[in-house]
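This report covers a single protein model.

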Amino acid sequence: MRTRPTLSWTPAEDLPPGTTDLQPVADALRAGGVVVLSGAGISTESGIPDYRGEGGSLSRHTPMTYQDFTGSVHARRRYWARSHLGWRTFGRARPNAGHRAVAAFARHGLLSGVITQNVDGLHQAAGSEDVVELHGSLSRVVCLSCQALSSRRELAQRLEEANPGFEPVAAGINPDGDADLTDEQVGDFRVVPCTVCGGVLKPDVVFFGENVPAPRVEHCRRLVREASSLLVLGSSLTVMSGLRFVRQAAEAGKSVLIVNQDPTRGDRQALTRVALPLGAALTTVAARLTISLDGD
């Protein structure tokens, strides 16, 4: 019997409260050696909703799972129709102050690594280098048969040609790039195969219910092992893919600092959770460190 992946988490009533004091975050960054772990909340100010915050997409949308995608032709048609439409919006998103702050901290040598749970590429667009994309990237497509990688822009062009006139109006866009469409809107959307072997194409992202590749996890564990502290930005830490690094850092006696407006599953392991909007919070921290977000 298949089990559904963990999509939600109910905070306990006795979790430590959030604060508005940014000094511990500024102090950790000033000391250097910080690893950043970012989640969907850092991209909300770029117009991409998160999963679990106020108005989060889980209230109206169940993300595609690996089991559904690989097991159903209908599910793949529905996914690619919705994702094709969502990609147009995703591709227009631009980095916000939170992404620019992370890039600025790295430029000044304060970070030892950036791990993101996001698939939007906005950290890189803001100038961050060597970002570990824990859940992959929507900018790439992989064939499930021959493993050939290709560009999402190339696939978008092929899907445009295969589906002329496909212009439904979506009810919303989700953090995984999936637009909200009804089955009637999906209609008989045509999915295209791999150009190398004719196999099934999948975005090069880790779906819910799919494991993050072991070498990628070990890379992240090494970053956390070698870090002075862990700074979590905009993640509820509901899923184990991110929570395990918080637990690893805490068990090693490293400071865990969280900036997230809502409670998180890692609050008990954290030195502090700052309950402020990310863009404003990180801009304030940068100012305290006399760091410009837009270059020196």
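## Confidence

The protein has an average pLDDT of 90, and 91% of the residues score at least 70; pLDDT is the predictor's confidence in each residue, from 0 to 100. This is a predicted model, in which local features need pLDDT of at least 70 and side-chain atom pairs count only at pLDDT 80 or more, while totals for chains, interfaces and linings use all residues. Residues are numbered from 1 along each chain as its sequence is written, and side-chain values use heavy atoms, with hydrogens and water left out.

Over residues 1-5 pLDDT stays under 50, and the model has eight contacts for them beyond four places in sequence; contact means heavy atoms within 4.5 Å. Over residues 55-60 pLDDT also stays under 50, with 16 contacts beyond four places in sequence. Where pLDDT is low, the predicted coordinates should not be read in detail.

## Helix 3 against helix 6

Helices (H or I, at least four residues) and strands (E, at least two) are DSSP runs, numbered from the N terminus. The axes of helix 3 (residues 73-90) and helix 6 (residues 152-162) come within 11 Å and cross at roughly 115 degrees. Axes are lines fitted to C-alpha atoms, for helices over the stretch in contact, and angles run from 0 to 180 degrees between N-to-C directions. On the helix 3 side the contact is made by W80, S83, H84, W87 and R88, and on the helix 6 side by R152, R153, L155, A156, L159 and E160. By class, this contact has five nonpolar, two polar and four charged residues. Here Ala, Val, Leu, Ile, Met, Phe, Trp, Tyr, Cys and Pro count as nonpolar, Asp, Glu, Lys and Arg as charged, and the others, Gly among them, as polar.

H84 belongs to helix 3. Beyond four places in sequence, H84 is in contact with R152, A156, L159, E160, F166 and F189. L155 lies in helix 6 and, with residues up to four places away not counted, touches W80, V141, V192 and L201. The C-alpha atoms of L155 and L201 are separated by 9.4 Å, although the two are 46 residues apart along the chain.

Helix 4 (residues 97-107) is mostly covered, with eight of its 11 residues buried. Buried means under 20% relative accessible area, exposed over 50%, and partly exposed in between (1.4 Å probe, protein chains only). The buried residues are A97, G98, H99, A101, V102, A103, A104 and F105. Their cover includes helix 1 (23-31), strand 2 (111-116), helix 5 (122-125), strand 7 (229-233) and helix 10 (278-288).

At the start of helix 4, a side-chain oxygen of N96 reaches to within 2.7 Å of the backbone nitrogen of G98. After helix 4 comes G109, with a positive phi near 75 degrees. G109 is found in the loop between helix 4 and strand 2, and its C-alpha atom is separated by 9.4 Å from that of L29, 80 residues apart along the chain.

S229 is in strand 7. Leaving aside neighbours within four places in sequence, S229 is in contact with A28, G33, V34, V35, S255 and L257.

## Accessibility of single residues

| Residue | Relative accessible area | Class |
|---|---|---|
| H84 | 3% | buried |
| L155 | 3% | buried |
| S229 | 5% | buried |
| G109 | 53% | exposed |

How values were computed: Polar contact = N/O pair within 3.5 Å; in protein donor to acceptor, adjacent residues only side chain to side chain.
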